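Here is a friendly walk through one protein model, made for reading with the structure open beside you.

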Amino acid sequence: MHQLFDRRIIFVGGKGGVGKTTTAGALALMAGEVGRKTLLVSTDPAHSIGDVFDVQIGNEETPLGPNVWGLEIDPEIEAERHIAAVSMSMKSLVAPKMYGAIDRQLELAQHSPGMMEAALLERMADLMADAHSRFDLLIFDTAPSGHTLRLLSLPEMMAAWSDGMLGYQDRSRRLGDLLKVFGKGPSKDDEFGMIGGSKDEPEDSRNNRIKEILLTRRRKFHRTRELLTDAGVTAFLLVLTPERLPILESKKTLDVLNKFNVPVAAIVVNRLIPEDADGDFIRERRLQEAEYRAEIDHDFESIPKMYLPLLPHDVHGTDTLRDIGRLLMRQIERV
């Protein structure tokens, strides 16, 4: 844990409302203070980085403090960019008469289930691969656990899809070669095939371009998978509160992260009742909290833990975030 900021990528995740954004923002400020150029990225459609920093961020990198920038990825914008890139690639491979059909199919695809998540993952994959040329550290403030786990599983799914398409393309090529043997090669004006492109471009050239597009996507998601599972590069911080539902969801999240070999560096137990708080109500809450803390210590025994108190006010502004960050840093240094 004391080498947390030596990594290139940190994910901060957990159930909605447990304090992920607060933790991610505090860590980003601390990383900036020790000289690490840090990009804090929100992948949650209900962005709140700008709210806690009291800064308008949006879909562009925005300064948040010394050596710290923020970015709130807009899934709709990413889906539009993704569709535009796919459209350009497809139209370069088919006859102009097919453009209308491509536009209709892609318009439907843009609104299909999973499209925004796929586009979001594509942007995350690009950031993970390229941001190190400009930043020392990426910190992802993720959406609630279920959304994040689907994102983490997509690299394998997309790699499998690319492999399947490559196999299909290879079988199609071999079938075309077989047809040529019988003098029945495909027509350049094939209405429905991928072969109806420019008559000046050899068929082999188009086949190679299709293959290269698929291989590039396969390499991208394979590399993303490698980064996610490399404990020297990536760390996942799981944030929870000492309450029943966050604990249960964190257990499920941990099981899935272990399944995908994503390294969990620590658990942040947030909103603990301060020791000097008193009153009958607080005493009852403290007794319940003690039971849940014992459960957390037992069920997450092998994972380092950090603890944050319940504050008497909302988390708002860089001063409060820095105070929280210093609490975390003192505990990181002791682990």
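Glu226 is partly exposed, at 37% relative accessible area; here buried means under 20% relative accessible area, exposed means over 50%, and partly exposed is in between, with a 1.4 Å probe and protein chains only. Before going further, please note that this is a predicted model, in which local features need pLDDT of at least 70, side-chain atom pairs count only at pLDDT 80 or more, and totals for chains, interfaces and linings use all residues. Residues are numbered from 1 along each chain as its sequence is written, and side-chain values use heavy atoms, with hydrogens and water left out.

**Salt bridges**

The partner of Glu226 is Arg223, and their side chains meet in a salt bridge at 3.3 Å, N to O. The term stands for a side-chain nitrogen of Lys or Arg within 4 Å of a carboxyl oxygen of Asp or Glu. Arg223 is partly exposed, with a relative accessible area of 38%. Both residues belong to helix H7, three residues apart, or about one turn of the helix. Helices (H or I, at least four residues) and strands (E, at least two) are DSSP runs, numbered from the N terminus. As a reminder, an α-helix has 3.6 residues a turn, so residues three or four places apart point the same way.

How many salt bridges does the structure hold? There are eleven, and three of them are set out here.

| Salt bridge | N to O distance |
|---|---|
| Arg223 and Glu226 | 3.3 Å |
| Glu122 and Lys220 | 2.7 Å |
| Glu33 and Arg326 | 3.4 Å |

Glu122 is buried, with a relative accessible area of 12%, while Lys220 is partly exposed at 22%. Helix H5 also holds Ala118, which is buried with a relative accessible area of 18%. Ala118 lies 9.7 Å from Arg150, C-alpha to C-alpha, though the two are 32 residues apart in sequence.

Now for Glu33 and Arg326, whose side chains meet at 3.4 Å, N to O. Glu33 lies in helix H1 (residues 20-33) and Arg326 in helix H10 (residues 318-334), so the pair ties together parts that are 293 residues apart in sequence. Glu33 is partly exposed at 43% relative accessibility, and Arg326 is partly exposed too, at 36%. These two residues also belong to a network of salt bridges that links Glu33, Arg322, Asp323 and Arg326.

**Aromatic rings**

A search of the whole structure finds three aromatic pairs. Rings of Phe, Tyr and Trp (its six-membered ring) pair if their centres lie within 6.5 Å; planes under 30 degrees apart count as stacked, over 60 as edge-to-face and the rest as tilted.

Phe11 and Phe236 make a stacked pair, because their ring centres are 6.1 Å apart and their planes are at 10°. Phe11 is in strand E1 (residues 9-13) and Phe236 in strand E6 (residues 234-240), 225 residues apart. Phe11 is buried at 1% relative accessible area, and Phe236 is buried at 2%. Together with Phe140, Phe11 and Phe236 form one aromatic cluster.

Trp69 and Phe135 form an edge-to-face pair, 5.6 Å centre to centre with 70° between the planes. Trp69 is in strand E4 (residues 68-72), whereas Phe135 is in the loop between helix H5 (115-130) and strand E5 (137-141), 66 residues apart. Are these two buried or partly exposed? Trp69 is partly exposed at 24% relative accessibility, but Phe135 is buried at 5%.

A charge can also sit over a ring, which here requires NZ of Lys or CZ of Arg within 6 Å of the ring centre and within 35 degrees of the ring normal. The charged end of Arg293 sits in this way over the ring of Tyr307, 4.6 Å from its centre.

**Helix H8**

Helix H8 (residues 244-259) has 16 residues and reaches 23 Å from its first C-alpha to its last, close to the 22 Å expected at 1.5 Å a residue; the expected span is 1.5 Å times one less than the number of residues. Its buried residues are Pro246, Ile247, Ser250, Thr253, Leu254 and Leu257. Just after H8, Asn261 takes a positive phi of about 60°.
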